[in-house]
Every structure is written in structure tokens, then in C-alpha cells.
Amino acid sequence: MAKSISFARGAPSLDIVDVEGLRAAADAAFAADPGGVTGYGTAIGYPPLRQWIAERHQVAPEQVIVTNGSMQADAFLFDALVQDGDSVIVERPTYDRTLLSLRNRGADVRMVELEPDGIDVAAVERVLAAGARPKLAHIIPNFQNPAGYTLSAPKRERLLELAGTHEFTIFEDDPYVALRFEGSPLPTMLSMDGAGDHVVYASSFSKTVCPGIRVGYLVGAPGLIARIVKIATQTYISPSMVSQAIVHQFCLSGALERSIETVRAALRERAETLCDALAAELPEARFVKPTGGYFLWVDLPRGTVVGALFEAAAERGVVFVKGSDFVLDGAESSLRIAYSGVTPDEIEEGVKRLAEAYRQLGVAEGVSAA
């Protein structure tokens with residue numbers, strides 16, 4: 001059996017995780033604040049890290065809650081704002097766990113097509129004009145999961161205008177923002193929100209430090225964050241003070257910026273290798289070359305049955321995620337490839353096997369492989 005190659009998981013490989021920096025940060029955390037690290041804490045999170053995040057976003061600490069990963073932050077926000085039957089606008093495709101979380105809460109999910117420069121804002125306007133009154137619009141603005149696309153500056157401005165006019169909240173879900181390896185960064189919608197009450201921002205240290213650290217956060221209006229703190233208190237008293245204190249020391253030491261540079265360099269090489277390999281081995285594939293992040297969205301010719309390709313690729317030891325997992329319906333000829341956790345050599349070999357599976361199914365000639 002050939003070595004298994006996974007394009008499925010959006011996580012950095014061990015070779016680009018700063019293990020030594022984390023070990024030093026852990027030592028520093030226990031030395032600097034043994035009582036704070038080992039105690040229960042409160043639902044707001046580790047206060048020094050909360051302060052650090054607040055300063056980074058130029059907001060008051062009362063506008064920040066630090067959680068056990070960004071998925072926990074998402075859950076708290078949905079609990080606070082989304083009730084059974086409430087309309088929520090999301091991108092099509094969007095992160096499968098977010099989609100599941102909203103559907104489990106009974107939300108009326110309105111998927112709006114994603115374009116290479118972000119969500120189709122004209123389509124959002126049509127949804128609103130048709131009478132929808134969304135509570136929330138969930139947007140992954142930078143290097144979107146699963147597509148890898150980035151929301152343009154004009155679309156950010158227009159979404160903020162729509163949120164103000166139609167009184168909905170933009171949930172700016174931004175865990176990949178630091179992982180740009182081409183081009184210039186764009187301002188967050190949080191920073192562009194003059195009123196200060198139309199955007200709730202989320203991010204995570206899972207992509208820049210390591211996934212196992214499980215530290216994420218929300219930034220929003222003080223009143224909303226206070227409501228979420230109450231929900232968090234009822235849920236777990238406090239998140240992990242140990243993890244958050246380690247992240248705080250990692251940030252203070254400068255290790256965070258060094259780690260980001262290491263990850264960016266690796267992602268740039270891996271993304272380029274992936275695009276080159278697809279062009280050479282699977283020229284039928286259509287995709288937009290990423291400028292950051294972990295993911296590439298691939299559209300194969302109409303008639304391709306990606307479910308069958310998934311099985312054929314698995315027989316060759318290659319795993320990816322089907323596009324249909326990221327939508328309510330459709331995307332049967334699409335897939336997501338995560339390049340963050342595989343080396344360039346593994347990418348080349350994995351794409352070669354994927355192309356072999358594609359040829360085996362006969363989809364290159366437009367024959368359904370159902």
C-alpha cells in the first residue's frame with residue numbers, strides 16, 4: 001500500500017510548527033503567572049491575552065472574549081443571535097462545520113454564490129430586496145474555507161452599507177488573515193465599521209501557532225460580548241488558562257511573528273507546487289491560484305461524479321473533501337484540496353494519483369462515473 005496522502009485536513013504539518021517556541025512559551029507562562037495559569041479563571045479568557053488582542057484590534061478589552069478555539073466562539077455567537085427560523089446569509093460554498101452548526105439551530109440558511117473576489121453582493125442585495133431579514137451574514141473574508149478566495153475592498157464596503165441599512169450583523173470569520181503570501185493585506189470590516197455595532201470579528205491561533213493550542217476569540221460591541229460572556233460562564237466557567245497563557249507568552253516573545261513567516265513561506269511553496277502539478281497532471285481542473293491560506297477549490301468538467309472520484313482516489317491512498325460537503329445542494333463536480341499539511345513532494349505524488357483515479361473513471365471523456 002502506497003503512503004497515504006491527505007488533502008483533507010486544514011492544518012499545518014509538524015515541520016512548520018514552532019515546537020521549541022511553544023515549549024519556551026509554556027515555561028515562561030508558568031514562571032510568570034503560576035496562579036493565573038493553574039486557576040479556573042473566568043469566561044472572558046486569560047486577561048493578559050485578552051488585553052493583547054484588544055490592543056492588536058484597537059478596541060477596549062470589554063469588546064473581547066477569548067475561547068477554546070474559534071468554533072467555540074462561533075457557537076457562542078450563534079447561541080446569542082440565531083434562533084429557530086432566523087435567516088442567515090452564508091457564502092456558497094462555505095465551511096461545512098459552520099453550515100452544520102447553523103442548520104442544527106434551525107436557521108433559515110440563505111446561500112449566496114461566492115465569486116473569486118468574494119460573495120456576490122449583488123445577489124445579497126436581491127435576497128434582501130425579496131424580503132429576507134437576516135440576523136447574520138457569515139463571511140470568511142480572507143482565503144476563504146473552502147474556496148481560498150478573498151473578499152475585495154469594494155465588496156467589504158458594500159456589505160457594511162447593507163448591514164447598516166438592513167440592520168443585520170456581519171460575522172467576519174477571519175482565521176486565515178495572517179497567512180497572506182502574495183499581495184497587500186486588506187482592512188478588516190471590523191476596522192471599517194464606523195458605528196462599531198455591525199460587525200462581530202472572530203479569529204484563531206490554530207492556524208498561526210498550532211491547531212492543538214485551541215485558542216480563538218471574538219471581538220464585538222460591548223453589550224453583545226457581555227451577553228456571550230454569560231453564555232460562556234454557563235457553558236464551562238472558563239476556557240483553558242494554560243493554553244491561553246502559553247499563547248500570550250508566545251505572542252510577547254515575538255515567536256508568533258516568526259511562526260507566521262515560517263508558515264507563509266511553506267504555504268507559498270506548497271500552493272505553487274499544487275497549481276503546477278494540477279496544470280501538468282489534470283489540465284481539465286479549473287481553479288483560482290491562491291494568494292494565501294490553506295485551500296484550493298477545484299471544479300472538474302460537468303458530469304464528473306466527485307463521489308466516485310473520492311472512492312477511486314482513496315484506493316490509491318489519497319483523500320480530499322467533496323465539494324458537496326460545503327453546500328446545501330450541488331457542487332457534485334467540485335472538491336477542496338488542503339495543501340497546508342503536505343510537503344511539495346507529497347503534493348506532486350498526490351496529484352499524480354488523483355489524476356490517475358480521474359482517468360480510470362473515464363471522466364476525462366465526459367462519461368459519468370456514477
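Biologist: Where does Arg 105 lie?

Modeller: Arg 105 sits in the loop between α5 and β4. Keep in mind that this is a predicted model.

Biologist: Why is Arg 105 called partly exposed?

Modeller: Its relative accessibility is 23%. Partly exposed covers the range between the buried limit, under 20%, and the exposed limit, over 50%. Arg 105 therefore counts as partly exposed.

Biologist: What makes the pair of Asp 79 and Arg 105 a salt bridge?

Modeller: The closest N and O atoms of Asp 79 and Arg 105 are 3.0 Å apart. The cut-off is a side-chain nitrogen of Lys or Arg within 4 Å of a carboxyl oxygen of Asp or Glu, so a pair that meets it is given the name. The two residues link distant parts of the chain: Asp 79 belongs to helix α4 (residues 70–81), and Arg 105 is 26 residues apart from it. Asp 79 has a relative accessible area of 42%, which is why it is partly exposed.

Biologist: What else does Arg 105 touch?

Modeller: Not counting residues up to four places away in sequence, Arg 105 touches Ala 75, Phe 78, Asp 79, Gln 83 and Asp 84. Asp 86 is 19 residues apart from Arg 105 along the chain, with 9.2 Å between their C-alpha atoms.

Biologist: How do you know that Glu 346 is buried?

Modeller: Glu 346 has a relative accessible area of 18%. Buried means under 20%, so Glu 346 is buried. Its salt-bridge partner is Lys 3, at 2.7 Å from N to O. This pair also links distant parts of the chain, with Glu 346 in helix α13 (residues 344–361) and Lys 3 in the segment before β1 (5–6), 343 residues apart.

Biologist: Lys 3: buried or exposed?

Modeller: Lys 3 is exposed, because its relative accessible area is 56% and the exposed label needs over 50%.

Biologist: How many salt bridges does the structure hold?

Modeller: There are 16. Among the linked residues are Glu 115, Asp 117 and Lys 155, which form a network of salt bridges. Another salt bridge joins Glu 161 to Arg 158, with closest N and O atoms 2.8 Å apart.

Biologist: Where do Glu 161 and Arg 158 lie?

Modeller: Both are in helix α7, three residues apart, about one turn of the helix. An α-helix has 3.6 residues a turn, so residues three or four places apart point the same way. Glu 161 is partly exposed at 43% relative accessibility, and Arg 158 is partly exposed at 28%.

Biologist: Which residues of helix α6 are buried?

Modeller: In α6 (residues 121–129) they are Val 121, Ala 123, Val 124, Val 127 and Leu 128.

Biologist: Why are the buried residues of α6 said to line one face of the helix?

Modeller: Looking down the axis of α6, they fall within an arc of 155°, so they line one face. Arg 126 and Ala 129, on the other side of α6, are exposed. The cover over the buried residues includes β3 (87–92), β4 (108–115), β5 (118–119) and α7 (153–166).

Biologist: What is found at the start of α6 and just after it?

Modeller: At the start, a side-chain oxygen of Asp 120 comes to within 3.2 Å of the backbone nitrogen of Ala 122. Just after the helix, Gly 131 has a positive phi of about 115°.

Biologist: Why is Ser 333 called buried?

Modeller: Its relative accessible area is 15%, and the limit is under 20%, so Ser 333 is buried. Ser 333 is in the loop between β12 (321–322) and β13 (334–338). A polar atom of the Ser 333 side chain lies 2.8 Å from the backbone oxygen of Thr 304.

Biologist: Which residues have the most contacts inside the largest nonpolar core?

Modeller: That core has 89 residues, and those with the most contacts inside it are Leu 49, Ile 53, Ile 119, Ile 170, Phe 205 and Leu 218. Helix α9 (residues 222–236) gives the most to this core, with seven residues.

Biologist: Where does pLDDT stay under 50?

Modeller: Over residues 363–370. The mean pLDDT of the protein is 95, and 98% of its residues reach 70 or more.

Definitions and conventions:
Residues numbered from 1 in each chain as written. Predicted model: local features only at pLDDT ≥ 70, side-chain atom pairs only at ≥ 80, totals over all residues. Heavy atoms only, no water. Buried < 20%, exposed > 50% of the residue type's maximum accessible area, 1.4 Å probe, protein only. Helix = DSSP H or I, 4+ residues; strand = E, 2+ residues; numbered from the N terminus. Arc of directions from axis to C-beta. Contact = heavy atoms within 4.5 Å. Polar contact = N/O pair within 3.5 Å; in protein donor to acceptor, adjacent residues only side chain to side chain. Core = buried A, V, L, I, M, F, W, Y, C linked by side-chain atoms within 4.5 Å. pLDDT = per-residue confidence, 0-100.
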